[in-house]
Amino acid sequence: MNLPGANLRIDSARLWDSLEEMALIGPGVAGGCNRQTLTDADSEGRHLFQRWCDAAGMTMGVDTMGNMFATRPGTDPNALPVYMGSHLDTQPTGGKYDGVLGVLGALEVVRSLNDHGIKTRHPIVVTNWTNEEGARFAPAMLASGVFAGIHTEDYAKSRKDMDGLAFGDELARIGWVGSEKVGARKMHAMLELHIEQGPILEAEGCEIGVVTHGQGLWWLEITLTGKDAHTGSTPMAMRVNAGLGMARITERVHQIAMSHQPNAVGAVGQVKVFPNSRNVIPGKVIFTVDIRSPEQGKLDAMRAEVERAAHAVATELGLGCSIEAVGHFDPVTFDAGLVKVVRGAAEKLGYSHMDIVSGAGHDACWINRVAPTVMIMCPCVDGLSHNEAEAISPEWAAAGTDVLFHAVCEVAGVV
């Protein structure tokens, strides 16, 4: 196997132009993107991605969850494909690069292979996973979760957004229900390029994060039920205030995460208050607790402590309390052999690098259940993500994609 020399790099200007062109679809209000899953903007982004894949000589397959698979043939028809990719959907106030860099960086790897006439023994597949973000339909990484056998397809397609629209109906509406059975594809390996979404790489002056592990996560949706009442005429001692219960639980979530330092985080994210009127004491609140740790013991302990705290607060205030787990994955250990390949590619290219644990969940966390998997990260400015001000430099994007390019050449087998 004759691997490309260290002087061979991707076309960084073409990659950056593609990122900027995709960002024009579903623009946000403050310079970022609002291309939520299964919206018209998501469909438009998918069509642009398919046109680019067609132009690169790839063939597109789509499964019944809308996952997109663009294939570049290998020289060995019996060799399992090497997969790259991430997601094109964004948060409602998302950035231009979260997920998108992983998809378009993978596309740029294929374009560069074509430019240099490089053939690989294994086929190469560029993937766009549906509904990674989970912003519109919980849980996150939904379609890759079905692919990996974590969720059933019926469960996934029954998930509803805040307007009561079902995932399955919306997927059909935008025209991206494919014919392939979900999970039928077999993989030799999968590599996912992503921005860090945290501040460590930039703070350490490192261009590449070699991702060895991923944090585990619980999303707990808590519903507190009290009594709607007038804020002006209801005596304080006679209130059954669901909003007060949420406030106290929010504080307890923070305390619980702090008590498990290091390597533990927790916060309340999504909140729905009813009736959400200025002069009505909230009679019902639904909110989501997000707790994470790369250590299984800490993750399990935090979940138990949050649930005990929520029930204790509800009892003290006379509130009804129900808790549903709406998202979960255990801590992830990525494939040691692929980690070594990524680390070697960064060293070969002369990029500064460090081992890192992913603080966020990614499709690779589920695919790791069914195939050898690894992640590559590049820095983002101030560690900011899930925000329209999310930013990376063209140089960071190129460095991450260069490492992906050389790692994929090694894994797919240059002939």
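In which sense, left-handed or right-handed, does α1 pass α12?

1. The model is a predicted one, in which local features need pLDDT of at least 70 and side-chain atom pairs count only at pLDDT 80 or more, while totals for chains, interfaces and linings use all residues. Residues are numbered from 1 along each chain as its sequence is written, and side-chain values use heavy atoms, with hydrogens and water left out.

2. The crossing of α1 past α12 is right-handed (the near helix is turned clockwise from the far one by less than a right angle). Helix α1, residues 12-23, packs against helix α12, residues 394-412, at an angle of about 110 degrees, and their axes lie 10 Å apart. That angle makes α1 roughly perpendicular to α12 (65 to 115 degrees).

3. On the α1 side the contact (heavy atoms within 4.5 Å) is made by S12, L15, W16 and L19, and on the α12 side by P394, A397, A398 and T401. These residues divide into 6 nonpolar, 2 polar and no charged.

4. The UniProt record, an unreviewed entry, places the feature "binding site" at D98, E133 and H386; such annotations may be inferred rather than shown by experiment. Although these positions are spread over 289 residues of sequence, they cluster in space, the largest C-alpha distance being 9.6 Å.

5. D98 sits in the loop between β3 (82-86) and α3 (100-115), and D98 is buried, with a relative accessible area of 5% (buried means under 20%, with a 1.4 Å probe and protein chains only). Not counting residues up to four places away in sequence, D98 touches H87, D89, E133, H194, I195, Q197, S385, H386 and E390.

Notes. Axes are lines fitted to C-alpha atoms, for helices over the stretch in contact, and angles run from 0 to 180 degrees between N-to-C directions. Helices (H or I, at least four residues) and strands (E, at least two) are DSSP runs, numbered from the N terminus. Angles under 35 degrees count as roughly parallel, over 145 as roughly antiparallel, 65 to 115 as roughly perpendicular and the rest as oblique. Ala, Val, Leu, Ile, Met, Phe, Trp, Tyr, Cys and Pro count as nonpolar, Asp, Glu, Lys and Arg as charged, and the others, Gly among them, as polar. Buried means under 20% relative accessible area, exposed over 50%, partly exposed in between (1.4 Å probe, protein chains only).
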